[in-house]
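Please open the model in a viewer and keep the selection panel at hand.

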Amino acid sequence: MIPARLIERKREGGSLDREEIRGFFAAYLRAEVTDYQMSAFLMAVFFRGMNQEELDALVAVMLESGGTVDFSHLPEPKVDKHSTGGVGDKVSLVVAPLAAELGLRVPMMAGRGLGHTGGTLDKLEAIPGFRTDLSMERFVSVVGEVGCAITGQTAEIAPLDRRLYDLRNATGTVPSLPLIASSIMSKKLAEGLTALLLDVKVGDGAFLPQEKEALELARTMVALGEARGVRTTALLTAMDRPLGRALGNALETREAIDCLAGGGPADLRRVTLDQAVEMALLADPRSDRGATRSRAERALDDGRALEHFARMVAAQGGDAEVVEHPDRLPRAEVVIDCAAPSAGVVTRVSPRPLGWGIVELGGGRRAVGDRVHPGVGFVLMVAPGDRVETGAPLGQVHAACAEDAELGSSILREAVTIGAGQPQLRRLVSHRVSRDGVEAL
Ligand code: URA
C-alpha cells in the first residue's frame, strides 16, 4: 500500500474498498502512515465524504482497534446517550444520574472539548478530585454500584478514535458527517450497551448546522447502531442559541447541579427530561411515556437525582460536598458585567462565537494537551426574545485577568444581536429519528 496513492484517489472523489480502508488505518496505528498523511486523508474525506462501504469499514477498524466493555453480569438495561457537541450542553451531567434513578445503568464514556464545543470531562474535572481516567475495572464497578459512571475513553476503547479525535481537532476536520458518525459510534458500540440515545445538535453552534445534514447524520448513526444490535434513537435539539445560561466548565457544572436539584433554566430541564424519558423508552418500549416523564420530574424535584449524582462524584474520587456547596467549585479571578450597547429586542445569541470565546479565555484547548482554566466563561442574562435597555447587563464574563475580561466582554457583545421584532428560533427538540423513520415533534 502506498499511502499517497490512496490519499490522491480520495482527494479526486474516488472511493476505497473495505480492504484499502482497513489497510490504511491499520498502518496508521502501526505508525507506517504518518500524522501528516492521515491529516491529508481526513481533509480529503472532509471534502469528498465517504460511501456506505467506506464508512462501515472505518467503523469496523475503529472498533477493532480496541476491546469492548463486558456488562453481561448486570441484568439491568445499559443505556448511554451521546451529544454531537454544542455550547452550554451540560445535559450529560444531569441525565446520567437521572436515568440511573429511573432504573437504567448508564456507562458513559465522554469526551473533552472539541473545536468550539465544550466537553463533559472538562466540566466534571472542575469538581475537586473528580477522576475521569477510571480503569476499565473501576468503570464497570462504579456502574454496577452506583448505576452510572462518566469517564474518558479508556486506552482499551477505540484507541484509533482517540488519535483521530486529537488530529481532527488540530486540523479543522471535525465537521465531517462520516468522521463524526464513525467517531461517536465506534466508542458507543464498544460500551456493551443495550440501547443508545443520540443528541444531534442543529443550528449555528453545531458542527453540522443545517437541518438536512443533521438529519442525515442522525439517520446514519441510527443505522450503524441498529446494524450492530444496539437499539438506537436520535433526538434533534436546537443549537441556534446556547443551552441554558452558563457557558464554561465550572459554571456549567454549577448549573447542572441546579437542574439536578429541580431548578436551573427551563430549556436545560426540558432537554434533559426528554432525553431521560427517551432512554427509558429505549430500554423498555412498553413503558408509558407520560408516567415515565412524571417519575423523571419527581426525581429531579425531590432531590433523588442530585443524591445519585453525589454518589457518582464520590465513587469517582470527587468532592461530593459540591452538591450542597457549589461555592467549592473553582472560580475565575475577575468577574465583570457586560452592558448592552443599545436598547431593543434580543434577536439572536450566537453560540459559536461564545464557544470560541471560552477557548480564548482559557476554558478550552488551543493545542493538544493544553490545561484548561475551569472557572472561566460566560453567564448569560438575556435570551432571544428578551427586551433590553441600553447599559443593562447582557451577561457576566468570568476571566483569569482584567484584560481577558474586556476581551470576553467584546465577544459577548458581538454574539448578542439587539434589533427589533421577534427572533426566529428552532424548536428546542425538533425531530426523533429511529429505525422506524423520522418524526417531526
Ligand atoms: N463527538 C465525538 O465523540 N466525536 C465527534 O467527532 C464529534 C462529537
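The model is predicted: local features need pLDDT of at least 70, side-chain atom pairs count only at pLDDT 80 or more, and totals for chains, interfaces and linings use all residues. Residues are numbered from 1 along each chain as its sequence is written, and side-chain values use heavy atoms, with hydrogens and water left out.

Display His82, Thr84, Leu114, Tyr165, Arg168, Ile180, Ser183, Ile184 and Lys187, the residues around the ligand (a heavy atom within 4 Å).

Next, show the polar contacts (pairs of N or O atoms within 3.5 Å). A polar side-chain atom of Lys187 lies 2.6 Å from a ligand oxygen. For Arg168, a side-chain N or O atom is 2.8 Å from an oxygen of the ligand, and for His82 the corresponding distance is 3.2 Å. Of the 230 Å² of accessible area that the ligand has on its own, the protein covers 95% (Shrake-Rupley method, 1.4 Å probe).

Now colour α8 (159-171) and α9 (177-189), the elements that give two or more residues to the shell; α9 supplies the largest share, four residues. Helices are DSSP runs of H or I, at least four residues, and strands runs of E, at least two, numbered from the N terminus.

Finally, zoom out to the chain, with its 16 helices and 14 strands. Its C-alpha trace spans about 65 × 50 × 40 Å along the principal axes.

Methods: Polar contact = N/O pair within 3.5 Å; in protein donor to acceptor, adjacent residues only side chain to side chain.
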